[in-house]
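Please look through the structure shown below before reading my note. The points that follow are meant to be read with the model open beside them.

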Amino acid sequence: MVVLSKRARNLHQGAIRAMFDKAATMDRVISMGIGEPDMATPMPICEAAAMALRNGQTHYTPNAGTLECRQAVSEWGNIKELHFDSRSEIIITPGGMGALSLLLSVIVEEGVEILIQDPQWLNYASQVRFFGGVPVPVPTSAEKGFVIQAADIEQKITEKTKAIMLNSPNNPTGAVIPEKELRKIAEVAIRHDLLVISDEVYNTLYYTEKPVSISALPGMKDRTIVINSLSKAFAMTGWRLGFAAGPAEIISKMVPAQENISACANSIAQAAAVYALHHPELSETLHTVFQQRRRIVMEGLDAIPGISYCEPDGAFYVFPNIKSFRMTSYEFCNRLLEEEHVVCIPGSAFGQAGEGYMRMAYTCSEDELVEGLQRIKRFCEAIRGNQA
Ligand code: PLP
């Protein structure tokens, strides 16, 4: 008897997991592998959650989330300028992942193509496949700062293309798409009548220019779904609280989809989110920490011969070029783990265009970062010595 569906049989654990499993068997490990803030959720947000518990906010909420939470989302950061209607154009979900999967469940049909930047966050392609769609990679390059180019997007469009997935600031590269390129991408989307999925989960973490949402550009609000969450902005990954904001036609179908899958996002996390979204200064504190660490990482990398990198404009990642060591990124990262007990993620895990690079996350303490960079330097020097 075949118990599992074809869809389930195609599910596999992500490539990053294997690195963590190996690291768990070692001591003195420094992890630059984890894609989440290492600090605890700011205490006032935890206190708001405790208050919600004491007040008995422990029931199901509306499928779209509490109106209070949707209103708080509509008034937060750059979302405010987009004037989303909290009753019809916003849904609260279990994390940004919950929002992405609900969205894909209502727009993807068998064979539908979704354009996704390469290298890219691992889960996009597997989510698209899970819903029967085809993820189509759009390669980016270090020469263009890993910024996805409108011209490259246009080349990949076929009659099956339904949407363009954007992620700015980007995981794994730290790139931010400048407004000039976003305008060109918007023109392409309008010309080919495509939807844009704009994943903005890192948009409070920027170090040069403030990221622009493509949804704010002329003619784009009707064809863009913004995905965001409190995970990275407020160090709330475990709370599982995110949202989607976009055209009522799409949101109105994501709501019954959520009714059938999880009913609603966690009620206590929604109460905590209302507090957090009304206190953006709490995410500012995180921003300051990552800004300082980014400087430490860049200084550390500058001191390592054979490594080059594009300065990351956002998120908490840097994506250095390790091609001069003449190994695959998988070999490089595995040896780095075995010999120096430092976790970095092979660039190839994020797509073909990531080969020759590795992702470093500055989600550990400053002391660990300094020590980790010294170990990477020692490792690189040893390889160069052996190759000379
Ligand atoms: N989008 C990107 C690019 C991410 O890197 C992540 C998490 O790593 C997510 C979305 C989902 O985050 P969450 O579901 O915690 O909001």
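How many bridges join strand β3 to strand β5, and do the two strands run parallel or antiparallel?

1. Strand β3 (residues 113–118) is joined to strand β5 (residues 161–167) by four bridges, and the two run parallel; strands here are DSSP runs (E) of at least two residues, helices are DSSP runs (H or I) of at least four, and both are numbered from the N terminus. Two strands are said to pair if DSSP finds at least two bridges between them. Within this pairing, Glu113 has Thr161 of β5 as its bridge partner.

2. A word on the source: this is a predicted model, in which local features need pLDDT of at least 70 and side-chain atom pairs count only at pLDDT 80 or more, while totals for chains, interfaces and linings use all residues. Residues are numbered from 1 along each chain as its sequence is written, and side-chain values use heavy atoms, with hydrogens and water left out.

3. An open sheet of three strands, with antiparallel pairing, has the order β9-β12-β11. Its edge strands, β9 (317–318) and β11 (345–346), each pair on one side only. Two bridges link β9 to strand β12 (residues 358–361) in the antiparallel sense, and Tyr317 has Ala361 of β12 as its bridge partner.

4. Turning to the ligand, 14 residues surround it, the closest being Gly96, Asp199, Ser229, Ser231 and Lys232; a residue counts as near when one of its heavy atoms lies within 4 Å. Helix α6 (residues 95–107) gives the largest share of this shell, with three residues.

5. A side-chain N or O atom of Asn171 is 2.8 Å from an oxygen atom of the ligand, a polar side-chain atom of Tyr202 lies 2.8 Å from a ligand oxygen atom, and for the side chain of Arg240 the distance from an N or O atom to an oxygen atom of the ligand is 2.8 Å.

6. Finally, the protein chain as a whole contains 14 helices and twelve strands. Its C-alpha atoms fill a box of roughly 65 × 55 × 55 Å, taken along the principal axes.

Conventions:
Polar contact = N/O pair within 3.5 Å; in protein donor to acceptor, adjacent residues only side chain to side chain.
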